[in-house]
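Have the sequence and the 3D view open as you read.

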Amino acid sequence: MAEKTPLRVALIGTAFMGAAHSQAWRTAPRFFDLPREPELALLVGRSPETTAARAATLGWQEWSTDWREAVARDDIDVIDICTPGDSHAEIALAALAAGKHVLCEKPLANSVADAERMTDAATLAAAQGVLAMCGFSYRRTPALALARRFIVEGRLGGIRHVRASYLQDWLRDPDAPLSWRLDKSLAGSGALGDIGAHSIDTAQWLTGESITSVSATMHTFVTERPQRAAAAGLGGVADVQAARGPVTVDDAVAFTAAFSGGALGVFEATRMATGRRNANRIEINGETGSIAFDFERMNELEYFDGRGTDPEAEGFRRIVVTDPVHPYVANWWPTGHGLGYEHLFTHQVVDFVTAIGAGTAPSPSFGEALDVQRVLAAVEASAGAASRMTTVERKES
Ligand code: SOE
């Protein structure tokens, strides 16, 4: 077999997404025939101790604490950005200007202005054959890719309803410590940008329609939390109460949406839905059919065929999306064995490297991610305009 040209990757970030992306870069060439051979060349983190340890654990050849080194090196082809949103724009702009392909975690940025700058830079870079993609990884779930295939084939007919909720509960404990995800200056927003962005992207990608207007409300149930050190009992802090800081983002968001094709959307995102660990759910109702998906049952897609072909047998069917005919599945296990969260990131790398090999635009592009950013901004603006909420008039009893 002919030697494949290496594709040397530098990954910026060593936490959850750093681990997920490392796993993806390692496994993609083992299960898929790629046009280039990814190499885990350089891992970049903030502290030398943590980064050195993570590089060894996650399988990186070298490590650094300066992302600018990765951007400057001639032997690096790809910059994979897995940092909090406040640094996405600076790193992506420098990487694209240096001729590096860029994979950037979602949401693309913490503001529309930054997302626009990144999209303009990606457009210029594409003219030089330098490609950019945003990591809305749920698009690579076989069940959701199958749902999109059904919608594109016209099985659902015209879309009338989109019902999306992304429910987590890792912040239900008021003493769960502060982290960058709870700091607006770092994360941009809370549940809205962290998980609501997935619902927005998935809804627009599945339907092929854009959200044109929203009416929203956002809420923060727990307004201050222990600093991480205090919560860990570090530094001998006796009174956790004294070492608490403000939560500056939303815990939960709910909004209705109008779609460009006339559909009505209802969205919810929260990290306080006690008992729901990662229930990323979407249901789409069309004139002739419906699909329903829940990531907590990620190998299944519910499909209702309302085209009247078998009136006695109408009902939602549970498709176990683990057959070779299903998207991505043929490269993994025999039918029925199922995939997991980490496979979405492997599929994301497969599609990104395939696009790089072919010189074609990967999706979601920065432009598609900018569109999500515009919806996020509209939701925040709507929620901020409290006057939009109408008080229910009740007579004093
Ligand atoms: C939030 O907890 C989170 O880690 C998101 O940031 C990821 O994008 C999602 O895939 C899993 O949940």
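## Around the ligand

Let's start at the ligand: one of its oxygen atoms sits 3.0 Å from an N or O atom in the side chain of Q168. H198 does something along those lines, with a side-chain N or O atom 2.8 Å from a ligand oxygen, and for Y341 the distance is 2.7 Å. Taken alone, the ligand would expose 310 Å², and the protein buries 92% of that (accessible areas by the Shrake-Rupley method with a 1.4 Å probe; for residues, only the protein chains shown count as cover).

Who else is there? The ligand is surrounded by F16, K106, Y138, Y166, Q168, W170, R181, D194, H198 and Y341, where being near takes a heavy atom within 4 Å. That shell splits into five nonpolar, two polar and three charged residues. Here Ala, Val, Leu, Ile, Met, Phe, Trp, Tyr, Cys and Pro count as nonpolar, Asp, Glu, Lys and Arg as charged, and the others, Gly among them, as polar.

## A word on the model

Keep in mind that this is a predicted model: local features need pLDDT of at least 70 and side-chain atom pairs count only at pLDDT 80 or more, while totals for chains, interfaces and linings use all residues. Residues are numbered from 1 along each chain as its sequence is written, and side-chain values use heavy atoms, with hydrogens and water left out.

The chain is divided into domain 1 (6-137) and domain 2 (142-297 + 299-339), with bounds from an automatic or database domain assignment. Their C-alpha centres lie 25 Å apart. Domain 1 and domain 2 bury about 1200 Å² between them, 64% of it on carbon and sulfur atoms (accessible area, 1.4 Å probe, lost on being put together and summed over both parts). F31, F32 and F136 supply 45% of the area that domain 1 buries against domain 2, more than any other three residues.

Across this interface the rule finds one salt bridge (a side-chain nitrogen of Lys or Arg within 4 Å of a carboxyl oxygen of Asp or Glu). D194 also forms a salt bridge with K106, their closest N and O atoms being 3.3 Å apart.

Conventions:
Buried area = accessible area lost by both parts, 1.4 Å probe. Polar contact = N/O pair within 3.5 Å; in protein donor to acceptor, adjacent residues only side chain to side chain.
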